[in-house]
Amino acid sequence: MDIKACIFDLDGVIVDTAKYHYLAWKELARGLGFDFTEKDNEQLKGVSRMRSLDILLEIGNKKTDEEMKLKYAESKNNKYLEYILKMTPDEILPGVIAFLDEIKALQIQTALGSASKNAMTILNRVKMNKYFDVVVDGTKVSKAKPDPEVFLKAAHELGVKPEECIVFEDALAGIEAAINGGFKTVGVGSPEILGKADIVIPGLEGITWEEVIGKF
Ligand code: G6P
Ligand code: MG
């Protein structure tokens, strides 16, 4: 198996920012007079900010115009920023640094492939910039996952073919994006949600390169 690079999603794979997205969306929903549950939040994982807002408004059965939508999205993001600007390296998920150190030592290239426009802010906060050879985030793509654009761009910038990369993703939309782009996939989370991935692991804690590669 000739794997030259690994591409990592950010939210839910490298750091647990899904909880902050959830809290910020929940607060917006509360302000609009409806409840937004953790189960509802599953639909928003890996999905762009504006698409997430559309899904949230559908759940609350609210119709509104584009101008208000921009205001809602801004208000959610301001709340989200309050949380992420307080993040520290302690919030890097277990096993992430050890796994990245291991693959870097093996000369495997690394990229971040995230839908988030806040990815650089988060990487700076948790001091992880040096771990990624390439960062493709929500500011660099126009098509949201499950479109493969974010991962194709990362592979292109790394100078590798999709079939030479493994994508690590915690969201169904992200696994679908990777499959659509012709990448190998590792689902990070529960097999019930991520069953389409080539393999599913609960998280990177205790995971070695040999173990991952051995499963393909
Ligand atoms: C990630 C998260 C989504 C989030 C999206 C956009 O993919 O999983 O929940 O909506 O990024 O994030 P942003 O920080 O740009 O609002
Ligand atoms: Mg994610």
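The largest pocket of this predicted model holds about 480 Å³ of space. A pocket is an open set of points on a 1 Å grid over the protein atoms alone, where a 1.4 Å probe fits, with protein on both sides within 12 Å along at least five of seven lines. Grid points are joined across faces, edges and corners, and the volume is the space filled by probe spheres set on the points. The largest pocket is lined by 29 residues, where a lining residue has an atom within 4 Å of a point. Nearest its centre lie Val-47, Ser-48, Arg-49, Ala-115 and Ser-116. Three helices, α1 (18-31), α3 (49-59) and α4 (66-84), each give at least two residues to this lining. Helices (H or I, at least four residues) and strands (E, at least two) are DSSP runs, numbered from the N terminus. The lining has nine nonpolar, 11 polar and nine charged residues. Ala, Val, Leu, Ile, Met, Phe, Trp, Tyr, Cys and Pro count as nonpolar, Asp, Glu, Lys and Arg as charged, and the others, Gly among them, as polar.

Ligand 1 takes up the space of the largest pocket; for this, more than half of its atoms must lie within 2 Å of the pocket's grid points. The ligand is surrounded by 14 residues, each with a heavy atom within 4 Å of it. The closest are Val-47, Arg-49, Ser-116, Lys-117 and Asn-118. Four residues of this shell are nonpolar, six polar and four charged. Polar side-chain atoms approach oxygen atoms of the ligand: that of Ser-116 at 2.6 Å, that of Arg-49 at 2.7 Å and that of Asp-11 at 3.5 Å. On its own, ligand 1 has 390 Å² of accessible area, and the protein covers 97% of it. Accessible areas come from the Shrake-Rupley method with a 1.4 Å probe.

The second largest pocket contains about 250 Å³ of space. Its lining has 18 residues, and Gly-12, Asp-170, Val-188, Gly-189 and Pro-202 are the closest to its centre. By class, 10 are nonpolar, four polar and four charged.

Two backbone features stand out against a general rule. Most residues other than glycine have a negative phi, and most peptide bonds are trans. Asn-61, in the loop between α3 and α4, has a positive phi of about 60°. The peptide bond from Lys-145 to Pro-146 is cis, with omega near 15°. Pro-146 is in the loop between β3 (134-136) and α7 (149-158).

Residues are numbered from 1 along each chain as its sequence is written, and chains are lettered from A and ligands numbered from 1 in the order in which they are written. Local features need pLDDT of at least 70 and side-chain atom pairs pLDDT 80 or more, while totals for chains, interfaces and linings use all residues, and side-chain values use heavy atoms, with hydrogens and water left out.

Conventions: A polar contact is a pair of N or O atoms within 3.5 Å; within protein, one must be able to donate a hydrogen and the other to accept it, and residues adjacent in sequence count only if both atoms are side-chain atoms.
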